[in-house]
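Take a look at the protein below.

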Amino acid sequence: RIRLSGFGFLRDFENRLPFESGGQVAFDRTFTGLDGQYEIDADWGGIPQRLTTGFDYRRQDDDRLRFDNLAGIRGDRVLDQNEQVEAVGLYAQHRVRLAPDWTLRLGVRFDEVRLDVDDHFLADGDDSGRRTWRETSPGAGLVWSANSALSVYANVGTAFQTPTTTELANPDDPGAGGGFNRALDPQTARSYELGLRGAVGTGLRYEASVFRARID
């Protein structure tokens, strides 16, 4: 099975915030993406297996302006910059039926995210710059199907999330500062989960789990 999908958005945004310095925000945004996935079911060596591989691509381009907010009237321009974020993800997952009642899942994902800021307002200096983040996130899961009405599962996984462009605002001057916070790093997480799911008769389904997550 092969799946492909894509999308594109345009956004023209203006807003007033309840403070003077940089309190009027405007940006033009284009946001596009492409996803692809290949999945195959096979019986290798007498063992039923499913292999899934894929990619996703995202690109966001913002022309961002900020002005002083003079009691609702647009004041002097204090920020003018172009922000580009580009993200590529590659992933693979292998699901193996080890026995009639045991299924193993192994997966891994690689992400690369690039942020470029081109400062067009140079009265307070050139705050242009670039950051690139890369991360590999593995995971695994095991399911025991006790019977047709009860399954027990265990998962361990990792996750990676970059700051948003809003969170990356320059902390030296949140109202109007150009550029971005060069010290802020992505969020990473490691999680463990143990649970069960099942059914009672034909009208009641249930699921319960315990988990622990460590986020940095």
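Trp102 is part of strand 5. This is a predicted model, and the points below are grouped by topic.

**Surface**
- Trp102 has a relative accessible area of 34%.
- Together with Leu98, Leu142 and Trp144, Trp102 makes a nonpolar surface patch of about 350 Å².
- Gly46 sits in the loop between strand 2 (24-44) and strand 3 (47-70).
- The relative accessibility of Gly46 is 61%. Exposed means over 50%, so Gly46 is exposed.
- Gly46 and Arg97 are 51 residues apart along the chain, yet 9.9 Å separates their C-alpha atoms.

- In soluble globular proteins, nonpolar side chains tend to be buried together.
- Here, the largest nonpolar core consists of seven residues: Val113, Leu115, Val117, Trp133, Phe160, Leu168 and Phe180.
- Strand 5 (residues 102-119) gives the largest share of this core, with three residues.
- Leu115 touches several residues beyond four places away in sequence, including Trp133, Leu168 and Phe180. Its other contacts include Gln84, Val85 and Gly129.

**A buried charge**
- Asp68 belongs to strand 3.
- Is Asp68 buried or exposed? Asp68 is buried, and it has no salt bridge.
- The nearest side chain of opposite charge is Arg66, at 8.4 Å.
- Beyond its neighbours within four places in sequence, Asp68 contacts residues including Glu20, Ser21, Gln24, Ile73, Arg74 and Val78.

Conventions: Residues numbered from 1 in each chain as written. Predicted model: local features only at pLDDT ≥ 70, side-chain atom pairs only at ≥ 80, totals over all residues. Heavy atoms only, no water. Core = buried A, V, L, I, M, F, W, Y, C linked by side-chain atoms within 4.5 Å. Buried < 20%, exposed > 50% of the residue type's maximum accessible area, 1.4 Å probe, protein only. Helix = DSSP H or I, 4+ residues; strand = E, 2+ residues; numbered from the N terminus. Contact = heavy atoms within 4.5 Å. Patch = residues over 30% accessible without salt bridge, like charges linked within 9 Å, V, L, I, M, F, W, Y side chains within 5 Å. Areas by Shrake-Rupley, 256 points an atom, 1.4 Å probe, with all protein chains shown as cover. Salt bridge = Lys/Arg side-chain N within 4 Å of Asp/Glu carboxyl O. Lys, Arg positive; Asp, Glu negative; His and termini not counted.
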